[in-house]
Amino acid sequence: MVSVLGISGSPHRHGNTETLLDAFLEGSKNAGASVEKVVLKEIDYVPCRGCNACHKTGECIVQDDAPPLFDRIFSVDCIAVASPIYSMGITAELKGLIDRAQYIWARKFVLKTLYFTNEHIRNHKGIFISTAGLSWDNVFDAAFPAITAFFNTLGFEYYDNIIANNMDLYNGIRGHPAALKEAFEKGQQVIRVIEDLKERSGRH
Amino acid sequence: MPVKVLAFAGSPRRQGNSETLLDWVLEEMRREPDVEVEKVVLVDANVNPCRGCNACETLNRCVQRDGMDYLHDRIIDADVIILASPIYCMGICSQAKALIDRFQVFRSRKYVLKLPIVPPERKGKRLGIFLSTAGQNWDYVFDGAIPSVKCFFHVIEVKDKDIHYLMVNGVDEKGAILDHPTAQHDAERLAREVIAGIKARLAG
């Protein structure tokens, strides 16, 4: 069974971004996946301290809810990472988690104890889900580099974005003409794609 | 009246590269006559992330009681505002992003409530500086940071053309910036330029 983990980075419960994430996860569930969701504001973790201790050990010295969350991420086939756009970027909560992935990065690039094969990366899909109040076309642009870095570090292919701007005009995600339907359908589609890839990998 | 400089050290790593860059700027500014400098270290400043509750759109103040209570008036009173942040995972560190997101109260005041941020006679008489360091050598490593930095300054009435940037890439390990061929010189020159510039504005 394909497994999906949704990570909600909004401090605002059941707001536009989390609702869009929920639609994606519903689609995945509908396609037969096992689905879980983590709400970052409900778990206990601090931002990266920049101490670089992980460059020597490959482990984070901060013992909180972040390392177990990374263990969960490594146990699933697909992650859907969701954040609203605040001040042209992702939230401090999500950036706080992304920065904590430094110990994974250190394993890959400093200690060279971790390596993901191309097949592994292809079979693991990362989706970025976001909403923004502003109508500007470029409102998501500054979020992409950090999301790209996050998926690369974790060995997930950056598969797709599900993004909707202009929330202020639509009066929220439920007023948007297409976003929730698109999220549900993409949630279904990615599961079929992963199933197909896993089947092909199994045949080798 | 002395020139007031308010500087934020955003890095969780004390005395690291971005804070060293900031200290070079501040030391040079302190050498100039009639300059008052206050440096705020974000990890010690108790600034929590924005909760996204949007209450500031009606209350004109934040519902959270934390270090921002102390900083609010100082942000308005300063003639020069400086933000220093390292690049983590292709973006500003989450501690600096939390501060930027808390500027939502100024954004609401300016764009929703249409109230002044500074008195009319101080408009156009504020300058900003963004200082950053990154471990990677890529020339695009700062691209994800800049849009959020612009938001930070725009909502407190520092215009785009009044934001100065000094961003140094290729400095990773603590102290690496000390070996950089031009960083200290560039920081000191920038400090003198900005102080001369703000004095001319305030006199004009």
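Helices (H or I, at least four residues) and strands (E, at least two) are DSSP runs, numbered from the N terminus.

This is a predicted model: local features need pLDDT of at least 70, side-chain atom pairs count only at pLDDT 80 or more, and totals for chains, interfaces and linings use all residues. Residues are numbered from 1 along each chain as its sequence is written, and chains are lettered from A and ligands numbered from 1 in the order in which they are written.

**Stop 1: chain B.** Select the chain. Seven helices and six strands are there. Buried residues (20 or more other C-beta atoms within 10 Å of their own, C-beta atoms placed from the backbone) make up 47% of the 204 residues.

**Stop 2: S5 and S6 of chain B.** Select residues 127-133 and 163-168. Strands S5(B) and S6(B) pair in the parallel sense over six bridges; pairing takes at least two DSSP bridges. From S5(B) the chain passes through helix H6 (residues 146-154) to S6(B), in a right-handed β-α-β crossover. Right-handed means that, with the strands pointing away from the viewer, the path from the first strand over the helix to the second runs clockwise. Now find B:Thr133; opposite stands B:Val168 in S6(B).

**Stop 3: the sheet of chain A.** Five strands form an open, parallel sheet, ordered S2-S1-S3-S4-S5.

**Stop 4: S1 and S3 of chain A.** Select residues 3-8 and 78-84. Five bridges join these parallel strands. A:Ser8 has A:Ala82 in S3(A) as its bridge partner.

Note on methods:
A residue is buried if 20 or more other C-beta atoms lie within 10 Å of its own, exposed if 12 or fewer, and partly exposed in between; C-beta atoms are placed from the backbone.
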